[in-house]
Amino acid sequence: MLSLLSVLACIWVDQTEYNDVRDGLLDGDADGFQNLDHGGTDCDDADAAVYPGATETWYDGVDSDCEGDDDYD
């Protein structure tokens, strides 16, 4: 049977490591916007150039500003 101390030792991480893991899960591309899966507004958390309010380049096929509108208008 596991003791309480051994259980706590298994889940202990230092604050810096915790923040790095947390930030990577919440903002994978480090653009300052959290991903949709964690309640954020970043529609493509793998691309730092795609986030709400980003400059849209028309006809490139990428919804850079996350507005969901037609990029080919």
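**View 1. The surroundings of D65 in the predicted model.** Leaving aside its neighbours within four places in sequence, D65 is in contact with Y51, P52, G53, A54 and E56, where contact means that heavy atoms lie within 4.5 Å. D65 is found in the segment after helix 2, and helices (H or I, at least four residues) and strands (E, at least two) are DSSP runs, numbered from the N terminus. With a relative accessibility of 10%, D65 counts as buried; here buried means under 20% relative accessible area, exposed means over 50%, and partly exposed is the range in between, using a 1.4 Å probe and protein chains only. This is a predicted model, in which local features need pLDDT of at least 70 and side-chain atom pairs count only at pLDDT 80 or more, whereas totals for chains, interfaces and linings use all residues. Residues are numbered from 1 along each chain as its sequence is written, and side-chain values use heavy atoms, with hydrogens and water left out.

**View 2. The disulfide of C43 and C66.** The structure holds one disulfide, a term for a pair of cysteine sulfur atoms within 2.5 Å. This disulfide joins C43 to C66, with 2.2 Å from S to S, and the link is left-handed, with -80° about the S-S bond. The pair links distant parts of the chain, since C43 and C66 both lie in the segment after helix 2 (15-26) but are 23 residues apart. Is C43 buried, exposed or partly exposed? At 36% relative accessibility, C43 counts as partly exposed.

**View 3. The aromatic pair of F33 and Y51.** The structure holds one aromatic pair. F33 and Y51 form this pair, which is stacked, with 5.2 Å centre to centre and 10° between the planes; rings of Phe, Tyr and Trp (its six-membered ring) pair if their centres lie within 6.5 Å, and planes under 30 degrees apart count as stacked, over 60 as edge-to-face and the rest as tilted. The two residues link distant parts of the chain, with F33 and Y51 each in the segment after helix 2 and 18 residues apart. F33 is partly exposed, with a relative accessible area of 26%, and Y51 is also partly exposed, with a relative accessible area of 27%.

**View 4. N35 and its side-chain contacts.** N35 lies in the segment after helix 2, and at 10% relative accessibility N35 counts as buried. Which backbone nitrogens does the side chain of N35 reach? The side chain of N35 reaches the backbone nitrogen of D37 at 3.1 Å and the backbone nitrogen of H38 at 3.0 Å. Leaving aside its neighbours within four places in sequence, N35 is in contact with L25, L26, G40, D42 and D45.

**View 5. G40, a contact partner of N35.** G40 is found in the segment after helix 2, and at 16% relative accessibility G40 counts as buried. Apart from its neighbours within four places in sequence, G40 is in contact with Q34 and N35. The C-alpha atoms of G40 and D27 are separated by 8.7 Å, although these residues are 13 residues apart along the chain.

**View 6. The whole protein, as a setting for the close-ups.** The secondary structure of the protein comes to two helices and zero strands. Of its 73 residues, 19% count as buried. Among the contacts in the protein with a separation of 6 or more, 3% come from residues 24 or more positions apart.

Terms used:
A polar contact is a pair of N or O atoms within 3.5 Å; within protein, one must be able to donate a hydrogen and the other to accept it, and residues adjacent in sequence count only if both atoms are side-chain atoms.
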